[in-house]
Amino acid sequence: MSERNDAAHFDARAARYETEIGEEYSQWLKWHLLQKYSQSGNLVADIGGASGRHAIKLAENGRKVYSLDLSEGMLRQMQKLPGWKKLPASNRPHAIVCRGQELPISDSSFDLCCCFSTLLLMSDQTQAIRELVRIARPGGYVILDVAMRFNIGWLYWRRFYRKQGFSGIYPLSMQQVTNLANSMNCDIVENVATGMLSQMLYIPFLEQHTPLRKWIHKEGDHPDLDGLCTRLFPMFANRRYIVLKRAMG
């Protein structure tokens, strides 16, 4: 699928796209990391920000936010949301339409850069990660959401996105991430694996006809059963949330 078609795909889904962060562990974890590695007054870049569920909440908590996305429709939808409209005009997230692999941002601009549920769709995601690090200031943080190789979820989502016209999804191994971090002079300061049990939800019948989701994803349990089990067997994680810190030198 071309980038123009990628944008059209998400433009068409903007009005129905999820706007709440949610309380299941994997959703809560994203917000927890954003809070942990930023503070009020920080400049934050949300790459693949979609319709702004993280950008708006960050702005509500005193961060100065730029939401960057390939889909203009998603960013326009963000500007229609009640949360965005309630913010003072000077505090609303700035919207920028762009590719993740070519960010129109100066070097060393942001205290925190994040990218959730986006990298896995990029065949050249390593270039996007390099861009995230480039725009982070020395000593700043980059939060990555990386799809891992050895799980049913990867097979499921590859099939799903190919049906949507994408070329598939692109997982990375932990070794690839480590090598990339080293090449960019970054330290991995946090690495949280999730989704080992969640893979079973992709098996037909189980989610629709059993209470499996309630067993493994209890709202307010952080980590939940899925998170606890994935800690024991991280090689079978569906996703990893990885925090890089850019070196000062």
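1. Let's start with C113. This residue is buried, because its relative accessible area is 0% (buried means under 20% relative accessible area, exposed over 50% and partly exposed in between, with a 1.4 Å probe and protein chains only). C113 sits in strand β4, residues 110-115. Helices (H or I, at least four residues) and strands (E, at least two) are DSSP runs, numbered from the N terminus.

2. A word on the model before you read on. It is a predicted one, in which local features need pLDDT of at least 70 and side-chain atom pairs count only at pLDDT 80 or more, while totals for chains, interfaces and linings use all residues. Residues are numbered from 1 along each chain as its sequence is written, and side-chain values use heavy atoms, with hydrogens and water left out.

3. Which residues does C113 touch, not counting residues up to four places away in sequence? They are A45, L132, I135, A136, Y141, V142 and I143, where contact means heavy atoms within 4.5 Å. For a sense of distance, L225 is 112 residues from C113 in sequence and 29 Å from C113 in space, C-alpha to C-alpha.

4. In soluble globular proteins, nonpolar side chains tend to be buried together.

5. Now look at helix α2, residues 25-36. Its twelve residues reach 16 Å from first C-alpha to last, close to the 16 Å expected at 1.5 Å a residue; the expected span is 1.5 Å times one less than the number of residues. Buried in α2 are Y25, S26, Q27, L29, K30, W31, L33 and L34. These buried residues pack against α3 (53-60), β4, β5 (136-147), β6 (186-194), α11 (225-232) and β7 (239-246).

6. Two residues deserve a look at their backbone. Most residues other than glycine have a negative phi, and most peptide bonds are trans. A50 is not a glycine, yet has a positive phi of about 55°. A50 is found in the loop between β1 and α3, and counts as buried because its relative accessible area is 9%. S108, also not a glycine, has a positive phi near 55°. S108 is in the loop between β3 (94-97) and β4. Is S108 buried or partly exposed? S108 counts as partly exposed, because its relative accessibility is 34%.
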